[in-house]
Amino acid sequence: GLSNPFRGLLKLGSLERRGAMGIWKEFSCELSPLELRLFLDHEDRICVESYSLLRCESLALTHSDGRFELVFLGKKLYLRAPSRDEAEDWLDRIREALRKCRPQLEEEEWETLEYPEDGGEGQPIQSDSTALLQYSDVPGSSFDWTLAHELELDAIKEAVLYVDVDKTWVPFIFSLSLETLKCFKVRNNDKILSNSYGIETIQDILPDTSLGGPAFFKVITSKAVLKLQAENAEEAASWRELVRSVLMSYLESAEEALTLGGSLDGHSQVVLKNIVKENGFLLQYLVAIPMEKGLDSQSFICAGCSRQIGFSFAKPKLCAFSGLYYCDSCHRDEETVIPSRLIHNWDLMKRGVCRQALKFLTQIRNQPLINLKLVNESLYDHVERMGRIHRSREQLKLLGDYLIMCRSGALKELSKRLDHRHYLLECPHKYSVADLRQIADGVFETFLQSLLQFASHHVYNCDLCTQRGFICQICNSSDIIFPFEFDTTTR
């Protein structure tokens, strides 16, 4: 009569995954007929990632020590099993699942259909004469596509693209690096930076044949939509593929920073997407101390508004949260505690941050995104105040178990005192930005003590909660003991 916990699963076990920084981290993995799921903890069952097998492109054993890799739509997943045999078993089960969920890929032959060149029945009908005229205007027929300047040092791809500026096609030199998409004007044979779009601001890149044909595409950023024209369809496809690859690489590295540090569960990720929106790229700095890269890596452009900054322009200001430079309009010298520095270095000093970072920290201030057990558990041992806070948090969780089961309504009163911090009753390791600020100000510990005092007073004076106490199993004394009494009781 017991339910089968393995129903529907093809395989489960422990695998190590390699992150962007080359660090291997162990996960509990489940393979279902349709997806591969990665869990952080066997007990808490925190699902950090799931991969649909419908999007799996390839899989292969890469090393005799049990390493293998899976490719999902251009994203590689590097995994390691305890042995080669275990790795081969995982691959066999994944192939079995792929055959079942995508049988048509092996059984059917695909045929590419093209419009006949002689304008037969398959030719699409253009009712709009202007659209037909625009489409027949072959890109490159009257435009100059020659690139007569030296490439940028960090350029992955650089070429001339025409931009739709007030319904006029204007030539610019576009340079793509791993961090930015730069746009240059040519004046007196010199390249002058016109605009710069950080990779984190790019939301999508799409073909747009409505502009005139397959050589046209558009880049959607958080600030604007760029309508672009390449020399031909192949060049446009190349730009789209490269920008997508760079964007995926960036998102993967940001995701790794969170997986290694913040460990966001699925619910938290959904909440964050709705809250932070265009500021989502700042998540990577929440639990990782930023590395200052220098003004040259930003091409002497403000990371917020793309304004020129530097020695001969507006004075650059460093954001202590992200390590990026901003102009004086985007950085007003507003100060706050930097969460990553408090977590790793117990640095309680308030530092200047940009307006964008301050807005982001305000947006997420009440979300319990930082799991200190995963980020830096040693802080409890090295900082006396954090040790006391951790002890109080564990006591509060045990007291919460009593109040949740009590029918007296004490939980409702405790909820009011918690001020929407119900996670304090669930996990003793989760903290929000607001919690860290209160810890720095020295008021969080007092707040916890007031909660403990209220909850313990209720348990000691409630007939229902008292009956859920214990008697010592060794001496059988008549004194009632409780698990939250750390000073007198050992569990």
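First, a term for the tour: buried means under 20% relative accessible area, exposed means over 50%, and partly exposed is in between, using a 1.4 Å probe and protein chains only. Keep in mind that this is a predicted model, where local features need pLDDT of at least 70, side-chain atom pairs count only at pLDDT 80 or more, and totals for chains, interfaces and linings use all residues. Residues are numbered from 1 along each chain as its sequence is written, and side-chain values use heavy atoms, leaving out hydrogens and water.

**Stop one: H420.** Select H420, in the loop between α11 (410-418) and β20 (430-431). Those labels come from DSSP runs numbered from the N terminus: helices are H or I with at least four residues, strands are E with at least two. H420 is exposed, with a relative accessible area of 68%. Its phi is positive, about 70°, although H420 is not a glycine. Most residues other than glycine have a negative phi.

**Stop two: D333.** Now jump to D333, in the loop between β16 (325-326) and β17 (334-337). Here phi is near 65°, again a positive value in a residue other than glycine. Is D333 buried, exposed or partly exposed? D333 is partly exposed, at 47% relative accessible area.

**Stop three: F174.** Finally, pick F174 in strand β9 (residues 168-176). F174 is buried, with a relative accessible area of 1%. Show its contacts (heavy atoms within 4.5 Å). Not counting residues up to four places away in sequence, F174 touches several residues, including L161, V163, L226, L228 and W239.
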